[in-house]
Amino acid sequence: MTGILTARRVPPPSKAFDLLLAGGLTVFFGFLSLAQAQLGGVFSLLMLGPLVWRRKYPELVFFGVSGVAVLQWLAGVDLQVGNIGLLVALYTISVYGEVRYSRIALGVGGLGVLMATARYYATSDWRQQITMMVAFGAVVFGVWAFGERRRTRGLYVAQLEERAAQLERDRDREAALAVSNERTRIAREIHDVVAHGLSIMIVQADGGLYAADASPEQAKKALATIGDTGRASLTEMRKMLGLLKQDEQNELDPDQPRPQPGVDSLPELIENVREAGLSVDYQVTGTPRDLPALLGLTAYRIVQEGLTNTLKHAGPGAHACVTLHFGREMLTVVVTDDGRGAGVASSSDPGHGLVGMRQRASISGGTVSAGPKAGGGYEVVAKLPYDLPGSP
């Protein structure tokens with residue numbers, strides 16, 4: 001809430017316009033009134049001069065000009081052309097002043113109409129008095145109403161501009177969030193593809209190095225596995241990068257068909273891990289069913305990451321088990337091993353692996369828990385509902 005002494009911020013072009021307006025009215029009407037009647041001219045100058053500050057102090061200017069008009073009325077000075085300053089001040093307060101002061105200004109204008117009629121048309125008959133009262137009242141109310149309409153329109157335009165600015169800010173935030181989510185998705189995909197392939201290649205390279213002298217055939221087999229794994233990883237990487245060129249609608253729709261692996265690809269994945277030297281059991285329980293592409297990809301990546309961690313941390317001679325259980329409402333994915341990876345995994349930085357699994361499960365509306373098993377080894381359990389978030 002503002003007072004009559006509160007200054008408004010006025011841009012330089014508006015200041016220049018107010019200076020020209022006040023100067024022009026003062027020179028034309030003020031000095032014209034001064035030439036007709038000396039005292040009337042003084043009052044006119046006092047009412048026109050303050051219009052220089054009409055937008056900066058709209059309430060103060062209006063009530064100041066009204067005070068000069070009251071002095072003119074008390075002095076019995078006839079109406080002058082300089083009294084137009086009253087109308088300019090009334091218009092200004094109705095546009096730029098506070099609403100409560102604008103309403104008061106309208107009341108002051110109505111009172112001024114009565115005072116002017118009583119003073120300057122006291123000798124006229126009642127019909128002329130009523131006519132002049134209505135005419136003055138119409139002018140005063142018309143000026144005030146025009147200013148009020150200008151104020152309302154200005155507020156409406158300001159609200160539209162603020163709303164447009166807010167929508168633009170929201171759009172920028174959503175775009176930044178979309179970029180961040182896409183970067184996270186790309187990092188997660190790259191980690192899953194590269195980490196798994198490199199883990200198998202490292203294991204095979206180490207095994208081939210030790211077997212190079214004692215068993216050349218075994219070393220050749222390890223090199224062949226390295227080559228096959230590298231080519232498969234490169235192919236999958238190309239598929240993943242190809243997704244980045246897809247239409248945006250397909251990117252945002254999880255049910256759109258994509259060239260991505262799913263649960264049907266798990267036997268091939270597990271066979272590759274077995275060739276890398278890790279013993280893996282694979283079993284499916286419950287009644288298998290068709291899964292959305294996103295859910296199938298999530299299950300595949302969780303199994304891939306779990307077996308990659310086993311290769312990296314479980315140690316030699318470890319045994320892993322992958323179980324898919326198709327329940328009534330959700331798919332449960334379990335990856336366990338009996339190696340020494342529990343202590344290593346818990347003491348090292350989890351990096352992208354466990355975080356990526358949890359992010360994938362969260363996107364599908366599921367959860368992932370991972371930790372050491374009782375009696376040794378490590379276990380990853382993912383629970384993935386069949387109904388994706390936002391699906392009907």
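Author: What follows is a conversation about this model, which is a predicted one.

Reader: What does the secondary structure of the chain come to?
Author: The chain has 12 helices and 5 strands.

Reader: And how many of the residues count as buried?
Author: Of the 392 residues in the chain, 39% count as buried. The accessible surface is about 21900 Å², and 61% of that surface belongs to carbon and sulfur atoms.

Reader: What about contacts between residues at least 6 apart in sequence?
Author: Among those contacts, 72% join residues that are at least 24 apart.

Reader: Let us turn to α3. How many residues does it have, and how far does it reach?
Author: Helix α3 has 17 residues and reaches 24 Å from its first C-alpha to its last. That is close to the 24 Å expected at 1.5 Å a residue.

Reader: Which of its residues are buried?
Author: The buried residues of α3 include Pro58, Val61, Phe62, Val65, Val68 and Ala69. Glu59, Ser66 and Gln72 in α3 are buried as well.

Reader: What do the buried residues of α3 pack against?
Author: They pack against three helices, namely α2, α4 (84-96) and α5 (99-120).

Reader: What follows α3?
Author: Gly76 follows α3, and the phi of Gly76 is positive, near 75 degrees.

Reader: Where does Leu51 lie?
Author: Leu51 lies in the loop between α2 (38-48) and α3 (58-74).

Reader: Is that residue buried or exposed?
Author: Leu51 is buried, because its relative accessible area is 0%. The cut-off for buried is under 20%.

Reader: What does Leu51 touch, apart from residues up to four places away in sequence?
Author: Leu51 touches Asp18, Ala22, Leu25, Val61, Gly85, Val88 and Ala89. One of these, Ala22, is 29 residues from Leu51 along the chain, and their C-alpha atoms are separated by 5.3 Å.

Reader: You mentioned Gly85. Where is it found?
Author: Gly85 is found in helix α4. Gly85 is also buried, with a relative accessible area of 0%.

Reader: With which residues is Gly85 in contact?
Author: Beyond its neighbours within four places in sequence, Gly85 is in contact with Met47, Leu48, Leu51 and Val65. As for Gly49, it is 36 residues from Gly85 along the chain, with a separation of 8.7 Å between the two C-alpha atoms.

Reader: A new topic, please: how long is helix α10 in residues and in Å?
Author: Helix α10 (residues 293-313) has 21 residues and spans 30 Å from its first C-alpha to its last, close to the 30 Å expected at 1.5 Å a residue. Just after α10, Gly315 takes a positive phi of about 90 degrees.

Reader: Why is α10 described as largely enclosed by the rest of the structure?
Author: The reason is that 17 of the 21 residues of α10 are buried.

Reader: At what angle do α9 and α10 pack?
Author: Helix α9 (residues 266-275) and α10 pack at about 10 degrees, and their axes are 11 Å apart. The two helices are therefore roughly parallel to each other, since angles under 35 degrees count as such.

Reader: Which residues meet there?
Author: From α9, Leu266, Leu269, Ile270 and Val273 meet Tyr300, Val303, Gln304, Leu307 and Leu311 of α10. The residues of this contact divide into 8 nonpolar, 1 polar and no charged.

Reader: Finally, is Phe146 buried or exposed?
Author: Phe146, found in helix α6 (residues 126-214), is exposed, with a relative accessible area of 52%. Phe146 and Val95 are 51 residues apart in sequence and 8.6 Å apart in space, C-alpha to C-alpha.

Reader: And what about Ile363?
Author: Ile363 is in helix α12 (residues 351-363) and is partly exposed, with a relative accessible area of 45%. The C-alpha atoms of Ile363 and Thr298, which are 65 residues apart along the chain, are separated by 9.0 Å.

Technical notes:
Residues numbered from 1 in each chain as written. Predicted model: local features only at pLDDT ≥ 70, side-chain atom pairs only at ≥ 80, totals over all residues. Heavy atoms only, no water. Helix = DSSP H or I, 4+ residues; strand = E, 2+ residues; numbered from the N terminus. Expected span 1.5 Å × (residues − 1). Buried < 20%, exposed > 50% of the residue type's maximum accessible area, 1.4 Å probe, protein only. Contact = heavy atoms within 4.5 Å. Areas by Shrake-Rupley, 256 points an atom, 1.4 Å probe, with all protein chains shown as cover. Axes fitted to C-alpha atoms, helices over the stretch in contact; angles between N-to-C directions. Parallel < 35°, antiparallel > 145°, perpendicular 65-115°, else oblique. Nonpolar A, V, L, I, M, F, W, Y, C, P; charged D, E, K, R; others polar.
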